[in-house]
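Here are a few notes to go with the structure. Keep it open while you read, and check each point as you go.

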Amino acid sequence: MDQGFDMTASMHADVLRMCKGDKEKARQMVSGLQGQMEEEKRRSQQRKIDELSPNFPSIDRHALVKILSDNDWDVEKAILPCFEFQEKEREAQRQKEREEQNKKREEERRARQAEARQQAKTFLVQLFSNVPEDKIQAMLEENEGDVDLTTDQLISMKAEEEEKQEQLQKRRKEEEEQLKRQAELEKQLKIDTLVQRFGDYCNPNEIVNILSKHNWDVKVASNDVLRLVEERKLEQLKRVHTTLDEVVIREALYKNDWNLIDTMKQLRLMAAEQKAQQAQKEEEERRRKAQEELEKAKQTAEEEAKARAEAKAREEAKAAAAEEKKKAADKAAKEAADNMFLERSVIIGKELDEIIQAQRKIAEHEADPLTHIKQQLEEKLKFGPENLPGIPGMVPPTRKVIDELLGKESPVPVTPEKPEQEDLPEKVKVLPTGMEFTEVDTTAVDSKTTLKASPESLDIRHPITVEWEMETAPSSSDWIGLYKVGSDNGSYAIYNWISPVAQKGAMTFTPTEFGEYELRYFASSSSFFSRQYSVKAVSNPIRVGPQLKLVPSWDAATNMLSVKFEQKSGNQYLNAWVGLYAKTEKDNSQYRAFDWLSNAVDHTLKFACPKAGEWEFRFFPQRSYVDVARESVTVGGTDRVELSLVDGQMIVKTELTTVDPAYDNVWVGIYKTDETNNRQYRKYKYVSQATGTITFRACTTPSTYEARIFANKGLEVVSRSNTIVVPPKQQ
């Protein structure tokens with residue numbers, strides 16, 4: 001039998017027995033069985049491949065066959081390796097994609113760099129083709145660090161080069177386009193200016209038409225717009241006051257400088273007066289008619305006719321005289337009005353023209369490419385990263401910033417602790433709905449209602465007693481509220497209702513926060529439609545918090561600040577602390593230094609003095625920023641700055657007392673003594689310590705130099721050194 005055919009000895013014997021000992025026939029039968037088994041094995045393997053392929057479509061057939069073969073063609077065992085292979089393939093694909101993306105980005109980056117370098121090269125070639133860098137530095141030195149003058153010179157060179165390269169025509173075209181844009185902007189500016197001034201009575205289209213009519217001359221156009229606006233105001237008032245003559249209305253407008261509201265008020269009074277005069281005339285007419293009837297009874301018809309004729313003649317003469325007088329007055333008023341209108345028109349036109357001219361200059365300056373070129377050149381010649389005047393270079397972090405980064409201890413936690421109090425009455429937050437208050441006005445209180453609070457100073461968890469007294473019994477809606485001094489009427493801390501039985505009484509309030517308080521008595525002035533309260537009395541002020549005496553001092557020899565404290569009354573607080581502040585500092589969180597009261601020795605705390613000036617100690621009973629006591633102390637001192645030239649080095653020695661390098665961004669600059677522009681420093685360094693030495697490489701340009709100290713992001717000199725002379729180099 002073939003040894004490659006894996007059959008047991010019993011199976012061989014069975015086949016041989018079936019073939020009756022015929023070995024050749026047995027071999028043929030075994031070979032057929034082997035083929036059937038191989039075919040069945042192939043089909044089984046294909047079924048397993050078909051079973052796994054849909055679940056792992058990303059794995060090709062060759063890899064799937066290998067995985068099954070490695071796992072004895074056991075599908076269950078092959079699932080995990082398939083997952084691992086698939087994930088490995090995906091990771092390889094992702095890695096390939098990342099590499100392709102990185103390659104693409106790198107190519108794009110190189111392309112951008114090449115483009116940027118080419119653009120920079122082109123620009124620099126155009127600008128500095130005939131001006132090497134050493135010459136630019138020499139120009140800057142020759143101009144004594146004057147960046148503006150140097151940039152002007154460089155731009156002039158560039159302009160000459162552009163003309164040589166036949167780019168003048170392009171620039172003219174750009175200037176024409178810029179002028180066109182500026183003209184459009186100027187037109188819009190004129191429209192906006194007139195609309196802003198006259199838009200209430202004249203729409204933008206009308207203003208545009210008037211400006212176009214007068215060739216966009218604001219002075220002339222404003223005359224027409226003003227006339228149109230005034231006529232519309234006049235027409236509006238004529239429609240309202242139909243009984244008043246146009247001349248009267250126009251005269252009222254002139255008197256009130258054409259202010260419609262003021263004119264309306266005056267015309268309303270005039271209409272009322274006219275109505276009263278009309279009623280008086282009607283009464284006089286009625287009396288006159290009665291008198292005529294009486295005379296008629298006494299006189300004959302002839303006398304009556306004669307009298308009527310004479311009366312009529314007199315009335316006609318009187319009316320004619322009045323008409324002539326009215327015409328003369330109208331003519332004079334019209335002449336005066338025309339003169340006033342002309343004067344006002346000229347003034348307004350001049351004002352509008354000045355506004356437009358100012359706006360035009362600003363717009364021209366901002367749109368001028370030369371302005372931007374100068375700015376970029378100045379950044380190239382003298383660059384400060386923070387773009388702050390007086391702050392050159394990279395500003396080092398101050399001590400406060402370092403403390404915040406290192407998480408230095410603070411007297412007040414980020415999440416405030418609950419106040420040290422217990423069993424305090426809960427604050428009532430809501431009064432009856434619909435309540436309205438008048439403003440606090442102690443000058444308008446009722447002198448017949450009195451409030452007296454005691455004691456005048458106390459600590460939290462201690463009651464305030466307030467005694468009230470009125471001339472008449474209060475209503476059931478009267479109440480007394482506890483307020484911090486200066487707060488509005490809706491911001492009460494606690495309130496209690498008044499008993500309506502007695503005309504006087506007393507009640508207590510227990511404050512829960514430090515501060516200065518007062519009591520306010522509110523009386524109800526309710527109506528059917530609303531309920532309002534007004535302040536009838538305000539008590540004397542009450543100070544809430546522990547009472548302390550602070551005694552600050554300054555030791556000039558050690559430059560140390562001390563504060564001695566003595567508590568006069570109030571509670572004892574475990575977390576009490578004292579902060580050192582600049583006296584002008586209003587924010588209590590901006591302390592310069594602090595220490596816990598528990599660290600005091602002989603009731604005294606000591607602090608290193610930051611710098612000369614006015615300092616203030618503030619006492620805080622709890623871990624909050626609410627202080628209850630303050631005392632200030634004055635620290636003296638002057639700065640000393642010494643400049644020397646030793647072995648090719650400029651050495652600056654400092655003893656600073658008026659500024660603090662840890663907080664004030666202090667820096668020292670080397671200047672020529674005749675330099676008046678503090679931006680034009682020759683060299684600079686930041687100062688890290690108040691007392692120390694700063695070394696510079698000596699300036700090479702022969703001149704007289706000095707050191708100047710600056711601080712607090714400003715360009716005002718804090719202190720100056722002596723002067724030194726850098727001599728010319730010996731040939």
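1. One term before we start: a residue counts as buried when its relative accessible area is under 20%, and as exposed when that is over 50%. Also keep in mind that this is a predicted model.

2. Take a look at helix α8, which covers residues 204-213. Which of its residues are buried? Ile 207, Ile 210 and Leu 211 are. They sit on the same side of α8 because they cover an arc of only 100 degrees around the axis. Turn to the other side of α8 and you'll find Asn 205, Asn 209 and Lys 213, which are exposed.

3. Now the ends of that helix. Asn 203 caps the N-terminal end of α8, with a side-chain oxygen 3.1 Å from the backbone nitrogen of Asn 205. After α8 comes Asn 215, and its phi is positive, near 60 degrees.

4. Next, a sheet. Four strands form an open sheet in the order β14-β13-β16-β17, and the pairing is antiparallel. β14 (593-596) and β17 (629-635) are the edge strands, so each pairs on one side only. From one strand to the next, the twist averages 20 degrees.

5. Zoom in on one pair: β16 (residues 613-620) and β17 are antiparallel partners over seven bridges. Arg 618 has Arg 630 of β17 as its bridge partner.

6. Finally, confidence. The chain has a mean pLDDT of 78, and 79% of its residues reach 70 or more. Over residues 382-390, though, pLDDT is below 50, and it stays under 50 over residues 438-444 as well.

Technical notes. Residues are numbered from 1 along each chain as its sequence is written. This is a predicted model: local features need pLDDT of at least 70, side-chain atom pairs count only at pLDDT 80 or more; totals for chains, interfaces and linings use all residues. Side-chain values use heavy atoms; hydrogens and water are left out. Buried means under 20% relative accessible area, exposed over 50%, partly exposed in between (1.4 Å probe, protein chains only). Helices (H or I, at least four residues) and strands (E, at least two) are DSSP runs, numbered from the N terminus. The arc is that of the directions from the helix axis to the C-beta atoms. A polar contact is a pair of N or O atoms within 3.5 Å; within protein, one must be able to donate a hydrogen and the other to accept it, and residues adjacent in sequence count only if both atoms are side-chain atoms. pLDDT is the predictor's confidence in each residue, from 0 to 100. Contact means heavy atoms within 4.5 Å. Two strands pair if DSSP finds at least two bridges between them. Axes are lines fitted to C-alpha atoms, for helices over the stretch in contact, and angles run from 0 to 180 degrees between N-to-C directions.
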